[in-house]
Amino acid sequence: MADQTLRQWLLTETPTSRRHAKLSALYQGWLTFRSNTMAMVGLGILVLLILIAAAAPILSPHDPFVQDLGNRLAPLGSEGHLLGTDSLGRDILSRLIYGARITLYIVALVALIAPVAGLLVGTVSGYAGGWVDIVLMRITDIFLAFPRLVLALAFVAALGAGIENAVLAISLTAWPPYARIARAETLTIRSSDYIAAIRLQGAGSLRIITQHIWPLCISSLIVRVTLDMAGIILAAAGLGFLGLGAQPPSPEWGAMISEGRRFILDHWWVATMPGLAIFTVSLGFNLLGDGLRDVLDPKAGE
Amino acid sequence: MERLLDIENLWVKFPTRQGIFDAVRGVSFSLGRERLGIVGESGSGKSMTGRAILRLIRSPGMVEADHINLDGENILAKSEKDMRAVRGQRISMVMQDPKFSLNPVMTIGEQIIEAYRLHSKASKADAHAKSLEMLEAVSIRNPERVMRAYPHEMSGGMGQRIMIAMMLIPNPEILIADEPTSALDVSVQRQVLDIMDRLVKERGMGLIFISHDLNLVADFCDRVLIMYSGRIVEVCEADKLHEATHPYTRGLLNSLPRLDAPKDRLEVLRRDPAWSEAASVSGRV
Amino acid sequence: MNMLEIEGLNVWFGTARDRVDAVKAASFSVAQGQSFGLVGESGSGKSTILRAITGLAPTWSGKITVAGQPVLAKRSKSFFKTVQMVFQDPYASLHPRHSVDQVLGETLYLHGFKDIDARVVKLLDDVGLGQKFRFRYPHQLSGGQRQRVAIARALAPEPTLLLLDEPTSALDVSVQAEILNLLVDLRQEHHLTYLMVSHDLSVVGHMCDSLAVMKDGEIVEIMDVAALRRMEATHPYAQHLLQASV
């Protein structure tokens, strides 16, 4: 291995161990992804988002909660306030930076709950068939029928307003499409020869679903989740806008737009800056999702 | 014999992460009013050759040749727009599986009529009549009913006959058949081949028959080109195929199990790297 | 002793009006160590018989006996140690995300073997692949190599009856010769019994001792290979099939 560069080792056609094979597959996937410029832009945006959120205390010029009523609605480029201040004199840039943390929190929570629930329900439903399939799909239909905002309102009324409840409401309405995708994939995979072969080794349903079906479903789910992320961020922003999500003085981007709404004619930057932030992050997720589809789509790999 | 098609030094290349892959490497041959078979295994470049003639290879694939002359005119130099007048009208192609080459959401009648009207200014009624005539020419007994049916209602053999009808309706000079009977049952294969043979003879067309089945090609064609690794390694008359001399052809012939010559072990083809390095044999008449 | 006995096997899909009878009243037997062929055109039911034996076809009636044991509705673990199958399409019979090592390792694990590493190495050697291929993924293998892995997987539980569903019809001619030679060698080394489905009579003539000809779900004739070579079939359809294959 000393006379072979790392790149050659990773691109080899004859892997020498399990670890080698996995690393090689990952590297080749990375190369495919990297060749897609727009996808790299998307990845860049999201990496930037994570870094900003992580380094918020260092990057942020001011405390996001400190009010300065003497300096309200300062315009862009004002001294000490690059993006101006809002109606209570709080620095918009700092609030955007800290708001990134909240955005990431929403994204992470929803990405953890919705696709996982959808994968479980969909694969079990698709593989088992019969009554299990019917019952699970009807449950899925019921959740699919809930309008997201109404559910969020109901949660707020019952449990009180707050970001966690908003996320819960979003997750509960976001998982059904993933269940459907997972089920459709499972139905196709179920009739293939390699599943028949493993059944002929006496494998039980649990092993087949987790070791054989999940690895194939996960690719399309990942792509779908990244493409949906934009919508989810907007949904959370919408809930924040309605006052159902993050509560003041939390610097959630949707809530910031809501607060800035009154001033949109004369002091447009108060609402527009958080709007641009949401736009950029949504765009990043969309581009990333497109790039991932090219890498993970099994047909492209054949 | 008059030369319908003449190809000189054809190369087909595809860029890959590991460098440029040459699927066809310097192939030259000509086609008259005859049945020419191109035989090879997967990866030999036989299908790519067929597609390259019709300029069906999209970028990033690259097709290069000194010339591809159809009746003396170099079609490689034509623009895409001009090529469209060549495809179907002067050179047609029948592919392997009618399940994948017939449009599943259009009736058969609609597809044949469309194929006809693309290349002639016939009225719908004329096109309909011509289509019926064509379906009868491929021995379809109930052409009216078939015109109204959808592809999935047809068996494999019928689907392939419909493809042949569709491809021959604009009266092309050359038909390229890419594994036309591989997806069909044995008893139906013969029938489809007989129809193709009759129509090609009646119209004085040239036929390029691409297949992996040596025996089928020996039976059906006049002349055979054997391809390996993007090059032609041997050319011979079809009836003399079993006397072929190139070690690859001999290897292929000997590795087939035969009912009339039972063996304990089949001969395994030993690939000699010299075969792919040797220059391509010219397939000119 | 007969390795496999099929009596009055019916296999059907769907119910009532939508019922399609894929196999009707099929009966034949395969002696231990013999190689038996099932030939017919598409839709004749030959592959369906294999699927019925392995339990992959849901609705069947009749009697199937393997190694003297009648086969019940649910196949037991010991059944899978006795009977294994090699599928037709090498491009579809290996899981696209599992390496060769994982495929063989999982099979060995499910059958309760403890010395998995050593056995994986031996299996790869037995099918002529060697260690270079152990950690490759299916898309890094050619058709012939994939089929060898499929054969290795079928041999892993040390079965006595091997069902072969058109094992070489998706492969090139030269690769077919290698795989057929491999199958002949393995049968000798491991004293296996083969039930092979094929549409290619010359392959069946090379590999099998006797064969059954099927049409539309029924067995129309059972003959031995010597009669096949002499082109002497008694049933008119079988004769027609022989003529068309030459």
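Hi everyone, thanks for coming. Please keep in mind that what you see above is a predicted model.

Let's start with chain A. The C-alpha trace spans about 75 × 60 × 25 Å along its principal axes. Of the 302 residues in chain A, 37% are buried. If you take the contacts in this chain between residues at least 6 apart in sequence, 69% of them join residues at least 24 apart.One helix of chain A is worth a look: H6(A), residues 130-145. From its first C-alpha to its last, this helix of 16 residues reaches 23 Å, close to the 22 Å expected at 1.5 Å a residue. How many of the 16 residues in H6(A) are buried? The count is one, and H6(A) is hardly covered.

Let me take B and C, then. Chain C puts 21 residues into this contact and chain B puts in 20. On the chain C side, four helices supply at least two residues each: H6 (173-190), H7 (201-207), H8 (225-229) and H9 (236-245). Which of them has the largest share? That is H6(C), with seven residues. Sorted by class, this side of chain C has eight nonpolar, nine polar and four charged residues.

Chain C also touches chain A, with 26 residues from chain C and 24 residues from chain A. Here the elements of chain C that give two or more residues are helix H2 (77-82), strand S6 (83-86) and helix H3 (100-110). H3(C) gives the most, with three residues. The classes on this side of chain C come out as 10 nonpolar, nine polar and seven charged.

While we are on chain C, have a look at its sheet. Four strands form an open sheet in the order S2-S1-S4-S5, with antiparallel pairing. The edge strands, each pairing on one side only, are S2 (20-31) and S5 (69-70). S5(C) pairs with S4(C), residues 59-66, over two bridges in the antiparallel sense. If you want to find that place on screen, go to C:Thr65, whose bridge partner in S5(C) is C:Pro70. Helix H1 of chain C, residues 46-54, packs on the sheet and touches S1 (2-13), S2 and S4. The direction of H1(C) makes about 75° with that of S2(C).

Next, the nonpolar cores. The largest one has 165 residues. The residues with the most contacts inside this core are B:Ala165, B:Leu175, B:Ile208, C:Leu195 and C:Leu211. The element that gives the most to the core is helix H7 of chain B (156-168), with eight residues. Let me zoom in on C:Leu211. Beyond its neighbours within four places in sequence, C:Leu211 is in contact with C:Phe36, C:Gly37, C:Leu38, C:Val39, C:Val204, C:Met223, C:Val225 and C:Leu228. Another core, of 62 residues, lies apart from the largest one, and A:Val223, A:Ala277, A:Ile278 and A:Phe285 are among its residues.

Last stop: a few backbone details in chain B. As background, most residues other than glycine have a negative phi, and most peptide bonds are trans. With that in mind, which peptide bond here is cis? The one from B:Ser59 to B:Pro60, with omega near 15°. B:Pro60 sits in the loop between helix H1 (46-53) and strand S4 (62-64) of chain B.

Then there are two positive phi values. B:Asn9 is not a glycine, yet its phi is positive, at about 55°. This residue is found in strand S1 of chain B, residues 5-16. Is B:Asn9 buried or partly exposed? B:Asn9 counts as partly exposed because it has 15 C-beta neighbours inside 10 Å, and a buried residue would need 20 or more. B:Ser139 is a residue other than glycine with a positive phi too, near 60°. B:Ser139 lies in the loop between helix H5 (124-137) and helix H6 (143-148) of chain B. With 14 other C-beta atoms within 10 Å, B:Ser139 is partly exposed.

That's my tour, and I'm happy to go back to any part of it.

Definitions and conventions:
Residues numbered from 1 in each chain as written. Chains lettered and ligands numbered in written order. Predicted model: local features only at pLDDT ≥ 70, side-chain atom pairs only at ≥ 80, totals over all residues. Contact = placed C-beta atoms within 7 Å. Nonpolar A, V, L, I, M, F, W, Y, C, P; charged D, E, K, R; others polar. Pairing = 2+ DSSP bridges. Axes fitted to C-alpha atoms, helices over the stretch in contact; angles between N-to-C directions. Buried ≥ 20, exposed ≤ 12 C-beta atoms within 10 Å, placed from the backbone. Expected span 1.5 Å × (residues − 1). Core = buried A, V, L, I, M, F, W, Y, C linked by C-beta atoms within 7 Å.
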